[in-house]
Amino acid sequence: MAFYEQHIHPKPTNFLSKYIISYDHKVIGKQFLWYGIFFLFVGGLMALMIRWTLAYPGEAFPIIGSFLFPETGGAVPPDTYAMLFTMHGTIMIFYAITPILIGAFGNFCIPLMIGARDMAFPLLNMLSFHVAVLSAVILMGSLFTPLGAAAGGWTSYPTLSTLIGSPGMGQTLWTLAIFILGVSSTMGAVNYITTIITLRAPGMGYFDMPLTIWGLGLTAVLNAIFLPVLGAGCLLLIFDRVFGTTFFLAGAAATSGTGDPVLFQHVFWIFGHPEVYILILPAWGIVSDLLSFFARKPAFGAKATALSMTTITILSTLVYGHHMFTTQMSPLLTQTFMTLTMTISIPSAIFFANWLGTIWKGSIRFTSPMLFSLGVVFVFGLGGLTGLYLGTVTTDLFLHDTYFVVGHFHYTMAASVLLGGLGAVYFWMPKMFGTIMNEWWAKVHFWITMVGLNIVFMGMLLIGYAGMHRRIFNPFVYEFTQKLIPLNELTTWGAIIMGFAQIIFVINFVHAVFFKKEKASDNPWEVGTLEWTIPSPAPHYNFDKIPVVKCGPHEFGNPNLTGDRDFQYQTEELA
Amino acid sequence: MLSTILLSPAVSTATQKMGFFEMIAPPEDISVHGNKIDWLFNYTTSMNVFFFVLVCIGLFGFSYLYHKKRHPKALYTYGNTKTQIAVATGIGIAVFFGIDLNITRISNNDYVEVFTNWPKADEDVVKVEVMAQQWAWNFRYAGKDGLFNTEDDVTTLNDLRVPAGKKVVFQMISKDVIHSLYFPNARRKVDAIPGRLTRMWYELTKPGIYDIACAEMCGTYHYRMAAKLTVYTQEEYDRWVEQSQNLAMQTNDPERPDAFWGWPWQ
């Protein structure tokens, strides 16, 4: 089905062409993986500082606090606190999750799993990473500007994000960085879509693709449509800040003419709500595949799962207004958005049922990728159900902008995506780096992470239900939050547990990548998709002969298997 | 680690005696309609618990039953038999009709019949104009003449006083950035936005002093943008209005242009 001849790139000869300016999608995937892990560390450290401040406001942050904030003796000052949560959100969403799930696994998995030698546009792919680096440099540079980094929240609502609320250079650089990152992600998205459409191996119909590819492809579609919208919003914001236009300024804030700050919220959330699905769809796809792989059973209702994900992709574009109930939209819009939001639960419930159907009567192997996938089912269940409170307008009037929202979106975006991403790292490790990570430590990592993250995010939900609002430096200036001090401390300790558990992962990962002598076999997990038909690690040309696909990706225990294995490679015909 | 939390000095105050459920209870509801929000929350919670328990039974039950030690051979099925499709679709429909449509209907009814059911023009209500600014709340009451933005208006800073048992209607705007007027005890919040008026109404029941907060990130001192809500009985309120109107007549300076930040009631 490939539309055109795919050439084999010349083998890279020196360090520069192999690791820095490589056209190879696998190398670009690894670059994105390191990039993402680095920012996961930065964002995580910021999260710990935020949590520390919420539990012990005004107390010195342990160990590195006195080095980072010498003027306060190590305690996080209020303005820095605002920068921390702004940068934490930005970094985690755009510079950690997006590169790992979409940049790393999108690049790595798409050509390998559909039987292609590379992406459709290798040069564009390389540029996409380099542009992302440029964006990261600008963002990190903004931390060192005179008035500090952006501090208006990751949503950067005007007029707080205009010169009225944040006069420094930091906010301009933040907006520019997001714009540039949008360019990078759009380049990636166009590439992914084209690759999936044109480079599937002969014989591979859309429903023969692994669900991972479905998830990544749908994400790419959303990215290609909605990142330009965010880009437009960012550009207008830059105009307001630099050239004195008044797109988003109103009232006394506007010296001439008048715009509307709420306009930015519309533009932002038209992108922002799909963004949630942009982040979660790859994880859903990966989890749907991994559950099937390790239950040794075809993905239950694979077609229905794929179509449900497609339906959610479409619906996700129609519901953004539920982020803006408190801006007092017209009641008709409010009711419409509320009802549309609720319809998302039909496809969600169907593929949730399919996940459980996949492990039903399976023969489950509890490997580390499987544990992480089951973890996703658990935390996404919590995340999805807590969304209902925020979708109904009346409960949202109370819960909007409280920690309940924070808990909810951390369950859906942080917990699910993090667990899905880690599961994917453990799973594709052999194909990426040729070694397998230590299983025992991987399981220890899973359980500690799971305990830690549930303490943190459940704590946030409870704190929010008790009324504590978001983005406040010292929650205990109010009477109604006084009683929440112990719960905030517990939540912080959950975050510390979760943070320290990641050291296990980093050591395991670095050891497997650089120091482990023992090589992984070509197919350690005994899975039939195309990437497991080639050697580990994958050679730079992927497939010496373009494979011909003869069966689906999940043929486990099919009575018509031809080999003595319990699975069928996609290149083998069923009897 | 847990013992550190439980024994840390900050905890060993009065809060330690508080039970867990008491701690996570939302602030005391002092409004006539806050219970609708609480009721819907609890209703959704019971539905969610039901469905999440089902998910957990599936997740943990299947994980136990179909561990490869206990169940060495997986069943080969694509989940495309009629029964299986019916079950999956049934779950989807059950969730949608069981939870979603239900809570949407209830929420919609409350929204239409209560929260956006504005008091009629001739109703006797307390009207308050609010102007938010970094980082304070300005409140304005029409003075003796009953008109806003005139010389005799009563203005307060971070100090809102309203009577119990009477509807209070707010119109608000922001001077600089977006703020959000948040009454934890009434379960309500509405954004104050530069350049457009937003409105809210509620009726309170219980006299006392409560917190008002800003719920929308509005800058460095967002966390300290607090105000106090004093709920009076009608008699106390009338006395306070009388006093402060008289005080306003004596002290308001009509020459000060910045005293006229209000607007005609709309």
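**The contact between the chains and its setting**

Author: In this model, which is predicted, 86 residues of chain B are in contact with 90 residues of chain A, contact meaning that the C-beta atoms of two residues, placed from the backbone, lie within 7 Å. On the side of chain B that touches chain A, two or more residues come from each of helices H2 (20-24), H3 (34-65) and H4 (82-115), and from each of strands E5 (167-174), E6 (179-183), E7 (188-192) and E9 (208-214) of chain B. Here helices (H or I, at least four residues) and strands (E, at least two) are DSSP runs, numbered from the N terminus. The largest share of this side belongs to H4(B), with 16 residues. By residue class, the side of chain B that touches chain A comprises 47 nonpolar, 25 polar and 14 charged residues; Ala, Val, Leu, Ile, Met, Phe, Trp, Tyr, Cys and Pro count as nonpolar, Asp, Glu, Lys and Arg as charged, and the others, Gly among them, as polar.

Residues are numbered from 1 along each chain as its sequence is written, while chains are lettered from A and ligands numbered from 1 in the order in which they are written. As the model is predicted, local features need pLDDT of at least 70 and side-chain atom pairs count only at pLDDT 80 or more, whereas totals for chains, interfaces and linings use all residues.

Several of the strands named above belong to sheets of chain B. One open sheet has five strands in the order E4-E10-E9-E6-E7 (chain B), with mixed pairing; two strands pair if DSSP finds at least two bridges between them. Strand E4 (159-163) and E7 of chain B form the edges, each pairing on one side only. Direction ignored, neighbouring strands of this sheet are turned by 25° against each other on average. Within the sheet, two bridges pair E6(B) with E9(B) in the antiparallel sense, and Tyr182(B) stands opposite Ala213(B) in E9(B). Helix H5 (residues 234-251) of chain B packs on this sheet, where it touches E4 and strand E10 (227-232) of chain B, and its direction makes about 130° with that of E4(B). Axes are lines fitted to C-alpha atoms, for helices over the stretch in contact, and angles run from 0 to 180 degrees between N-to-C directions.

E5(B) belongs to an open sheet of five strands in the order E3-E2-E1-E5-E8 (chain B), again with mixed pairing. Strand E1 (residues 126-133) and strand E2 (residues 136-141) of chain B run antiparallel and are joined by five bridges. E1(B) and E2(B) form a hairpin with two residues between them, and Gln133(B) stands opposite Ala136(B) in E2(B). Trp135(B) lies in the loop between E1 and E2 of chain B, and the peptide bond from Gln134(B) to Trp135(B) is cis, with omega near -10°. E2(B) is joined by four bridges to strand E3 (residues 154-157) of chain B, and these two strands run antiparallel; Asn138(B) stands opposite Leu157(B) in E3(B).

The axes of helix H4 (residues 78-114) and helix H7 (residues 211-243) of chain A come within 10 Å and cross at roughly 125°. H4(A) and H7(A) are therefore oblique to each other, since angles under 35 degrees count as roughly parallel, over 145 as roughly antiparallel, 65 to 115 as roughly perpendicular and the rest as oblique. To this contact H4(A) brings Ile102(A), Gly106(A), Cys109(A), Ile110(A), Met113(A) and Ile114(A), and H7(A) brings Thr212(A), Ile213(A), Leu216(A) and Thr219(A). The residues of the contact of H4(A) with H7(A) divide into seven nonpolar, three polar and no charged.

The backbone of chain A has some features of its own. Ser156(A) lies in the loop between H5 and H6 of chain A and has a positive phi, near 40°, in a residue other than glycine. Ser156(A) counts as buried because it has 26 C-beta neighbours inside 10 Å; a residue is buried if 20 or more other C-beta atoms lie within 10 Å of its own, exposed if 12 or fewer, and partly exposed in between, with C-beta atoms placed from the backbone. The loop between helix H5 (122-141) and helix H6 (169-198) of chain A holds Thr159(A), which a cis peptide bond joins to Pro158(A), with omega about 5°.
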